[in-house]
Each structure stands twice: as structure tokens, then as C-alpha cells.
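Welcome! Have a look at the chain below, and then we will walk through it together.

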Amino acid sequence: MYASSLLARFMHCPTNRHYGTAKRFLRYIKGTLDYGLEYVKGKSSFLIGYCDSDWGGSFGDCKSTSGYAFSFGSGVFSWASVKQNCVALSTAEAEYISAVEATTQAIWLRFVLEDFGELQTEATPLHCDNISAIAITKNPVFHQKTKHIDRRYHFIKDALQEGVINLEYCPTNEQLADIFTKSLAKDRFNYLRGMLGVKSPQDLKGSVEL
């Protein structure tokens, strides 16, 4: 997801480097055509979210990339990797904006689930690995460090106070959305891919009919 999102930014002026990256991306797709998402039977319909961001990863304009993923405790069913609309002045600000974007998706998913008869009676946990971003969200006072942030991003404070979402801390090594914000080492990538529920037929052998 991150690779395709990154390549899409250069569709109007690709270079040989981008063509080389695209070929590598297609080789990965060809080698994982039989992979799929594993959804475990019997899991509750309790919505869980993860959100993350890099900081200034776009070298052209120094903007950050937001990523989020939502699941019911097994395979993810909603995810995104999107470049932020403004330049973040700190990692906390980039993570804060990412949490806001994930909150908008959480609100929409809660509406959809309610239509399906799966009313979310509790606040949706949204896992973030930046303590400062969580502190900004839970502080109702707009202080010196946040006065420059666009006002539209601050609606997350209302969502938190109304019990729609609950921003929780999770260690960086367990942050599933990290895979949507930056390129990773092979071992790290494979670990997070498995945690998202993306499995090969060999991994599922014996548990389901292939």
C-alpha cells in the first residue's frame, strides 16, 4: 500500500528510478498473488484501530505520510496510506494529524457497522505510538505548541470527550500501521504483514480448506 501510494505521486513525471521501483513492486505482487487476508471465526465485532505517521518523509515538500488500519481482532478490513496536506513541525504534530485522519475513518466505520446491526457501544480504541500526540489530544486547552495547527484537525478532542474513540498508547514495535508510512526492512515488513492478517496458503494449511 505504501509503495503504490508513493509511486502514484510521480505519475506525471516518472524517472528511471521510479520505473525501477515500479518493476520491483510488480515482482512483489507477482510473488504474492496467492496471499490473502485471514479472518478468524468467532471473533467479536469490536472495532480496533491503529494509526501512525512518519515525519517529513516526502523529500520534495517535506510532508509526512499518515497510515491507519482497522480490524475486529484478526485480519484488517480497512486501511490507508495518505500524504498529509500540510507540513508538520514535529513528530508529535505528524502523529496527531494521523490520529485525526484515523478518527474520521473510525466514525464512518461506526456508522456503517450500526447499519449492519453491529452497534459499537464502547469507544473505539485507536492505538498510537507517540505519547506527545496522545497528550495533545487529551488536553482541552489550545496552548502555544498547537495554535498553528489547522482548526479542522482539533475535532478529535470532541470525539474523545464524546466517547467515540479512545486514543491509547502502544509500543512502536507493535504498531501495525507502521507498514503504511515508510519502507521497512524485510523482517519487520514480514512481521507486520502477518500481524495484519495477510497470510500465504502454506500458513493456513490445516486450518481452512484451500
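## A buried aspartate and its partner

Let us begin with D52, which counts as buried because its relative accessibility is 2%. Buried here means under 20% relative accessible area, exposed means over 50%, and partly exposed lies in between, using a 1.4 Å probe and protein chains only. This is a predicted model, in which local features need pLDDT of at least 70 and side-chain atom pairs count only at pLDDT 80 or more, while totals for chains, interfaces and linings use all residues. Residues are numbered from 1 along each chain as its sequence is written, and side-chain values use heavy atoms, leaving out hydrogens and water.

Which residue does the side chain of D52 meet in a salt bridge? The partner is K182, at 3.9 Å from N to O. A salt bridge is a side-chain nitrogen of Lys or Arg within 4 Å of a carboxyl oxygen of Asp or Glu. This pair links distant parts of the chain: D52 belongs to strand β2 (residues 48-53), K182 to the loop between β6 (165-169) and α6 (186-195), and 130 residues separate them. With 29% relative accessibility, K182 counts as partly exposed.

## A network of salt bridges

K182 also forms a salt bridge with D178, where the closest N and O atoms are 2.5 Å apart. D178 is buried, at a relative accessible area of 7%. The side chain of D178 meets R188 as well, in a salt bridge of 3.3 Å from N to O. Since D178 sits in the loop between β6 and α6 and R188 in helix α6, the pair ties together parts that are ten residues apart in sequence. R188 is partly exposed, with a relative accessible area of 21%.

Put together, D52, D178, K182 and R188 are linked in a network of salt bridges. By the rule given above, the count comes to five salt bridges.

## The chain as a whole

The chain has seven helices and seven strands, following the pattern α-α-β-β-β-β-α-β-α-α-β-α-β-α along the sequence. Helices (H or I, at least four residues) and strands (E, at least two) are DSSP runs, numbered from the N terminus.

The C-alpha atoms fill a box of roughly 55 × 50 × 30 Å along the principal axes. Of the 210 residues, 40% count as buried. Among contacts (heavy atoms within 4.5 Å) between residues at least 6 apart in sequence, 67% join residues at least 24 apart.

## A helix in the open

Helix α2 (residues 16-31) has 16 residues and should span 22 Å at 1.5 Å a residue; its end C-alpha atoms are 23 Å apart, which agrees. The expected span is 1.5 Å times one less than the number of residues. How many residues of α2 are buried? The number is one, so α2 lies largely in the open.

## A nonpolar patch

On the surface, M1, L37, Y39 and W79 form a nonpolar patch, with about 390 Å² of accessible area together. Patches are made of residues with over 30% relative accessible area and no salt bridge: like charges are joined within 9 Å, and nonpolar side chains (Val, Leu, Ile, Met, Phe, Trp, Tyr) within 5 Å. Accessible areas come from the Shrake-Rupley method with a 1.4 Å probe, and for residues only the protein chains shown count as cover. L37 lies in strand β1 (residues 36-37) and counts as partly exposed, at 32% relative accessibility.
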